[in-house]
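This report describes selected structural features of a protein model. The sequence and the three-dimensional structure are shown first, and the description follows.

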Amino acid sequence: MARTRRPVQSSAKARASRRRAIKRAGRGAAAATALAGVALGAFGVYMAGQGAEVHAARLAAAASGSAERTVLNGADAAFAARAAYVDDLVTQTEPEAAHLGATPTPTPRSDPLDPGAGRRVFQEIAPRRPKIIVIFDDMGLDAASFDRLMAMPGPLTFSFLPYADGVQAMADRAAARGDAVMLHLPMQPIGGEDPGPGGLRPDMTASELLSTLRDHLDAFDGYGGVKNHMGSAFTADLAGMKTVLSVLDAEGVFFLDSLTTAKSKAAAAARAVGAQIFRRDVFLDPDLDRATVFKQLQTVEKIARETGYAVAIAHPRVATIDVIGPWLTTAPARGFDLATVDYLRQVDLTLAERDRARPRSDS
């Protein structure tokens, strides 16, 4: 099933307008209206007491009309090959911190990929100046850190936790400056770390999962994408991720996998339900050491030069902000352009158009 490419600029505004209308109709109507497009698929499949294999098989049939795809289309194959190249480019495993809910193992490959081919494809469509996308996670809990970041060069991408106080005002302020806004969706990690209120869990019942997800999606307006907060346990659950991505696809938003586990099933779930998905390249601050942030920024620059862009995730910590502030100021002089996460949708559309324009042999 080919993924539907949505317009880059209008989805967030259209969704915000639709959500405001839904809220005016009342919360009960909101849930019914927003989930109408996926009720027969996601809700009917993710039922309590069913095994994960049954969940996966039925959701794939309901959401995509067939069994889970194993053959990648042109754009998906290009992104997968680029991911393999990036994994090879990072010469040492990032020292993932426990608070990220991460497991420090290389990303496994389920398909035979040519990393060199992935690099060549993206070099062919690369802009004259490489793009660097910096996403700040865990936003909304520390107003002082947000103020510091708002004073720095941009554009940046801010991923706001849905349970943060005053999140709508901060999201509006970021959007008014030209930054991108994301929803930082709390998900259960491996171990005892707490993702905060309403963390999605693999053992949730259908109604509990969808109701909790809806609460998070309705927490504020203006985001164009969703990414996982922690989630090394939940993103490894194929059935749960299919359900979540079915809802996000109906909402017209993409998912960005933070890759807090090498066992993430987010990409496979997205292929099964036809949802749009991207992934991070580098965590800038897997520990609290300023030297680590500086070293990771060098890796980010290398990835951007080699593939046309890089996606970096950071956190609003004092050490991180102290290092990244001067780096953001001088990045243009080193030949880089700062971009928001919305640039990834432009890349996706370019790859899709390139694939459609390619001559095809008769079968």
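Glu251 is buried at a relative accessible area of 5%, where buried means under 20% relative accessible area, exposed means over 50% and partly exposed lies in between (1.4 Å probe, protein chains only). Its partner in a salt bridge is Arg214, with 3.3 Å between the closest N and O atoms; a salt bridge is a side-chain nitrogen of Lys or Arg within 4 Å of a carboxyl oxygen of Asp or Glu. The pair links distant parts of the chain, 37 residues apart, with Glu251 in helix α10 (residues 238–251) and Arg214 in helix α9 (residues 206–217). Arg214 also counts as buried, at 5% relative accessibility. Helices (H or I, at least four residues) and strands (E, at least two) are DSSP runs numbered from the N terminus.

The model is predicted: local features need pLDDT of at least 70, side-chain atom pairs count only at pLDDT 80 or more, and totals for chains, interfaces and linings use all residues. Residues are numbered from 1 along each chain as its sequence is written, and side-chain values use heavy atoms, with hydrogens and water left out.

## Other salt bridges

In total, the structure holds 17 salt bridges. One of them joins the side chains of Arg279 and Asp87 at 3.1 Å, N to O. Because Arg279 lies in strand β6 (residues 277–279) and Asp87 in helix α5, this pair ties together parts that are 192 residues apart in sequence. Arg279 counts as buried at 18% relative accessibility, whereas Asp87 is partly exposed at 25%.

Within helix α12 (residues 290–307), Glu301 and Arg305 are four residues apart, about one helical turn. The two form a salt bridge whose closest N and O atoms are 3.6 Å apart. An α-helix has 3.6 residues a turn, so residues three or four places apart point the same way. Glu301 is buried, with a relative accessible area of 10%, while Arg305 is partly exposed at 48%. Elsewhere, a network of salt bridges links Arg129, Lys131 and Asp337.

Helix α5 (residues 74–89) has 16 residues and reaches 22 Å from its first C-alpha to its last, close to the expected 22 Å; the expected span is 1.5 Å times one less than the number of residues. Its buried residues include Ala75, Asp76, Ala78, Phe79, Arg82 and Tyr85.

The largest nonpolar core has 65 residues, and Phe158 and Phe160 have the most contacts inside it. Such a core is a set of buried Ala, Val, Leu, Ile, Met, Phe, Trp, Tyr and Cys residues joined through side-chain atoms within 4.5 Å. Another core, of 22 residues, lies apart from it, and among its members are Ala75, Ala78, Ile135 and Phe278. Leaving aside neighbours within four places in sequence, Phe160 is in contact (heavy atoms within 4.5 Å) with residues including Met139, Phe146, Met170, Leu183 and Phe220.

## Backbone features

Most residues other than glycine have a negative phi, and most peptide bonds are trans. The peptide bond from Gly154 to Pro155 is cis, with omega near 10 degrees. Pro155 is in the loop between α7 (143–150) and β2 (157–160).

Asp138, which is not a glycine, has a positive phi of about 60 degrees. Asp138 belongs to strand β1 (residues 131–139) and is partly exposed at 22% relative accessible area. Leu259 likewise has a positive phi, of about 55 degrees. Leu259 is found in the loop between β5 (254–257) and α11 (266–273) and counts as buried at 12% relative accessibility.
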